[in-house]
Number of protein chains: 2
Amino acid sequence: MSASLPPQYSTIDSMSNTSKIGICLGVAAAAVGAAGVFAAYQFFKSDRPRSGSLLADPDNHLAEEEVLQGHEVFRHDRQTKAVMMANATKFLDLMNTRRSIRFYSKDDVPMDIIMAAVRTACTAPSGAHLQPWTFVIVHNQKAKDKIRDVVEREEQLNYDRRMRRSWVNDVAPMAFQVAKPYLSEAPYLIVMMKQSHRVDPTTGNRQEHYYVEQSCGIAAGMLICALHNAGLVTLTSTPMGAESAIRNILNRPSNEKVYLLMPVGYPSEDATVPKRTSANRRRAEAETIVVV
Amino acid sequence: MSASLPPQYSTIDSMSNTSKIGICLGVAAAAVGAAGVFAAYQFFKSDRPRSGSLLADPDNHLAEEEVLQGHEVFRHDRQTKAVMMANATKFLDLMNTRRSIRFYSKDDVPMDIIMAAVRTACTAPSGAHLQPWTFVIVHNQKAKDKIRDVVEREEQLNYDRRMRRSWVNDVAPMAFQVAKPYLSEAPYLIVMMKQSHRVDPTTGNRQEHYYVEQSCGIAAGMLICALHNAGLVTLTSTPMGAESAIRNILNRPSNEKVYLLMPVGYPSEDATVPKRTSANRRRAEAETIVVV
């Protein structure tokens, strides 16, 4: 499938450019049109595959810009195998130290560090590069308190009504707590929204999104790597039942659905995690990695 | 919801342990049971929240082990803000250089580097830590050729029949190529499978999985980070229509579905990528990051 965008998207971009330039729209449109025809011709005679997956890259997405600007050489410095192996091992070791944390210090974190992590997530490839996500970085204490309140209320309902009885029985000995202090104590809550579709702000037209789940998941994985690499801790939580209430608190449009709710900060001094077992770590490899 | 596992899972683990120990099964089971009752009591009187999300961590997952072994202090060395910011910026800069690549060198890559990247992906949190993924690392040339063949055949069908006419028209000027040489030329194809559920090998019982899409997406995001960090390139492709054929080629069970098909290797010397535009890069931030 294609990395190209529906026609209305190119309209948005052309509009913003022409309005910036502030010159005769007709002349600009004619120039773009002529360039497009020429580039399409060059494209057509080229043997470069232009697509192959909907999960395209930033680079692969803007079809009309691709036509206008073409490909460029990809610069890549191949490292020695020893360096590659050292880098791969170091990153594995780093990521292996990550834990999901439920106990947060109230100490604040500079917004710049959070922004760098979210920007890292935004480098993710996405379906037709439509970037079907919104990262809402919640720092405001009242908003965090409201979100915690709705999540805790819904969690109580989950236990009381929504779960299958077998599940409730399974977890009964676990001394569940509905309370989720981490949602209001961590300095940041990152609410990752997935956009089921996009609405063109100019025309109001609905613009389709592709592979939304994969795209958002990949971006979330990159966010988790970036936060951990920066020395912060988080928890990938899924606020079952509270999604629409959170969307309303954050005043997000109806095409956005809560994908993950992630407290972010430093661990509290008395933070604990469940002990790891070697059996657990081995299991992953034996059952989930297969070489053909 | 809980990070605990359905009861049959603990059975698997107990079985493997007891068989390893090779001592009277009844005695071991009684000991585990007694320890479980004691630990459950301790758990019950503890004020540590035991759960809060299905997207739990390696640490949070093995409920029975958690009960037996409890929590431990989380060790965390808080870095200076300058160091955190430097790390965050360096990682962002690194990830910003990533591109989706369709042109691969046939040069081989040491399996150890691939394994380290996949192991990094396996550190991802997952729903109830059930790790609902299988990474099939395809190195065998015949298997790669077969996969390329079915993907190309299905891609032709996609264009001829499956796509909406509007989409086909939109992409017509793009000189689509059905050919996907990267699938057989790259030294590795990583086929990431998502497990819709798990089947207990001992009892044959179906074991539910939770938040499979998010879990696999997060792991995929970590894999992409790890491959890029190791100096390799990849492409996150979605082989529409070829999923079941690929599963058959790889002889994977029916509870596994192809999630992503990723060629991995070095770029070819003449590899090109679409030119980036600053408009494209800016758009992501303006529209997809919101601070509250």
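In the predicted model, A:Met222, A:Cys225, A:Ala226 and A:Asn229 of helix 10 of chain A meet B:Asn87, B:Ala88, B:Phe91 and B:Met95 of helix 5 of chain B, contact being defined as heavy atoms within 4.5 Å. Of the residues in this contact, 6 are nonpolar, 2 are polar and none is charged; the nonpolar class comprises Ala, Val, Leu, Ile, Met, Phe, Trp, Tyr, Cys and Pro, the charged class Asp, Glu, Lys and Arg, and the polar class the others, Gly among them. Two packed helices are described by the angle between their axes and the distance between the axes. Here the axes of helix 10 (residues 212-229) of chain A and helix 5 (residues 81-96) of chain B come within 8 Å and cross at roughly 145 degrees. Axes are lines fitted to C-alpha atoms, for helices over the stretch in contact, with angles from 0 to 180 degrees between N-to-C directions.

This is a predicted model, in which local features require pLDDT of at least 70 and side-chain atom pairs count only at pLDDT 80 or more, whereas totals for chains, interfaces and linings use all residues. Residues are numbered from 1 along each chain as its sequence is written, chains are lettered from A and ligands numbered from 1 in the order in which they are written, and side-chain values use heavy atoms, with hydrogens and water left out.

Chain A contains 12 helices and 11 strands, taken as DSSP runs (H or I, at least four residues, for helices; E, at least two, for strands) numbered from the N terminus. Of its 292 residues, 57% are buried, that is, under 20% relative accessible area, with exposed over 50% and partly exposed in between (1.4 Å probe, protein chains only).

Across all chains, 3 aromatic pairs were found, defined by ring centres of Phe, Tyr and Trp (its six-membered ring) within 6.5 Å; planes under 30 degrees apart count as stacked, over 60 as edge-to-face and the rest as tilted. The rings of A:Phe91 and B:Phe91 are stacked, with centres 6.0 Å apart and planes at 25 degrees. Because A:Phe91 lies in helix 5 of chain A and B:Phe91 in helix 5 of chain B, the pair joins two chains. A:Phe91 is buried at 5% relative accessibility, and B:Phe91 is buried at 6%. A:Trp133 and A:Phe135 form a tilted pair, with centres 6.5 Å apart and planes at 50 degrees.

Charges also sit over rings between the chains (NZ of Lys or CZ of Arg within 6 Å of the ring centre and within 35 degrees of the ring normal). The charged end of A:Arg78 sits over the ring of B:Tyr266, 3.8 Å from its centre, and that of B:Arg78 sits over the ring of A:Tyr266, 3.8 Å from its centre.
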